[in-house]
Amino acid sequence: GGSGMPRRFETGTVFCFNYNTVESVLLFCAVLVNLAGVMFESNRFETDYFQVQKDIITVVVLIIIFFSIIYFGVVLVTEVYLMIKENNERKAIAKGKKPRLAKSSSRKRIKEVSAEDVVMQDSG
């Protein structure tokens, strides 16, 4: 494209903010936190012998929770910012003004596919 951003970086950014990726990452974090909860409820950590393992799991769970909240916050703020920017560009176009950076859209839309758009072919 016309921007100075490398294509690999752009692809990675699109992947990180894809709704399916966000859902998968947050679901994975939730499963790990629940798994740690099951581990803490077991009788394994009642003795002092496993105190180091308990501390390690506690730190890992806190890191997972912290970074999943940060990730969700970044995605949320980015989505809100892009929606506001897109809305302002639409208003500017409706008023007949040339929007800033109108050449490169802030968000690439994927066309929704309906059942009529899909053509089934016989593979045999």
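A residue is called exposed when its relative accessible area is over 50% and buried when that area is under 20%; because Arg 90 has 55% relative accessibility, Arg 90 counts as exposed. The model described here is predicted, and the protein in it has three helices and zero strands, following the pattern α-α-α when read along the sequence. Of the 124 residues in the protein, 15% are buried.

**Overall surface and contacts**

- The accessible surface of the protein comes to about 10900 Å², and carbon and sulfur atoms account for 65% of that surface.
- When contacts between residues at least 6 apart in sequence are considered, 52% of them join residues that are at least 24 apart.

**Helix α3**

- Helix α3 covers residues 51-94, a run of 44 residues, and its span of 64 Å from the first C-alpha to the last is close to the 64 Å expected at 1.5 Å a residue.
- Just after α3, Gly 96 adopts a positive phi of about 90°.

**The salt bridge in α3**

- The count of salt bridges comes to one, and Glu 86 forms a salt bridge with Arg 90 in which the closest N and O atoms are 3.1 Å apart.
- Glu 86 and Arg 90 both belong to helix α3, where they are four residues apart, or about one turn of the helix.
- Glu 86 counts as buried because its relative accessibility is 9%, whereas Arg 90, at 55% relative accessibility, counts as exposed.

**Nonpolar patch and aromatic pairs**

- A nonpolar patch on the surface is formed by Val 59, Ile 63, Phe 66, Phe 67, Ile 70 and Val 74, which together have about 550 Å² of accessible area; Phe 66, one of these residues, lies in helix α3.
- The count of aromatic pairs comes to three, and one of them is the edge-to-face pair of Tyr 49 and Phe 50, with 5.0 Å from centre to centre and 85° between the planes.
- Tyr 49 is exposed, since its relative accessible area is 70%.
- Phe 66 and Phe 67, both residues of the nonpolar patch, also form an edge-to-face aromatic pair, with their centres 5.2 Å apart and an angle of 75° between the planes.

- Leu 27 is found in helix α2, which covers residues 19-41, and Leu 27 counts as exposed because its relative accessibility is 53%.

Notes. Residues numbered from 1 in each chain as written. Predicted model: local features only at pLDDT ≥ 70, side-chain atom pairs only at ≥ 80, totals over all residues. Heavy atoms only, no water. Helix = DSSP H or I, 4+ residues; strand = E, 2+ residues; numbered from the N terminus. Expected span 1.5 Å × (residues − 1). Patch = residues over 30% accessible without salt bridge, like charges linked within 9 Å, V, L, I, M, F, W, Y side chains within 5 Å. Areas by Shrake-Rupley, 256 points an atom, 1.4 Å probe, with all protein chains shown as cover. Salt bridge = Lys/Arg side-chain N within 4 Å of Asp/Glu carboxyl O. Buried < 20%, exposed > 50% of the residue type's maximum accessible area, 1.4 Å probe, protein only. Contact = heavy atoms within 4.5 Å. Phe/Tyr/Trp six-rings, centres within 6.5 Å; stacked < 30°, edge-to-face > 60°.
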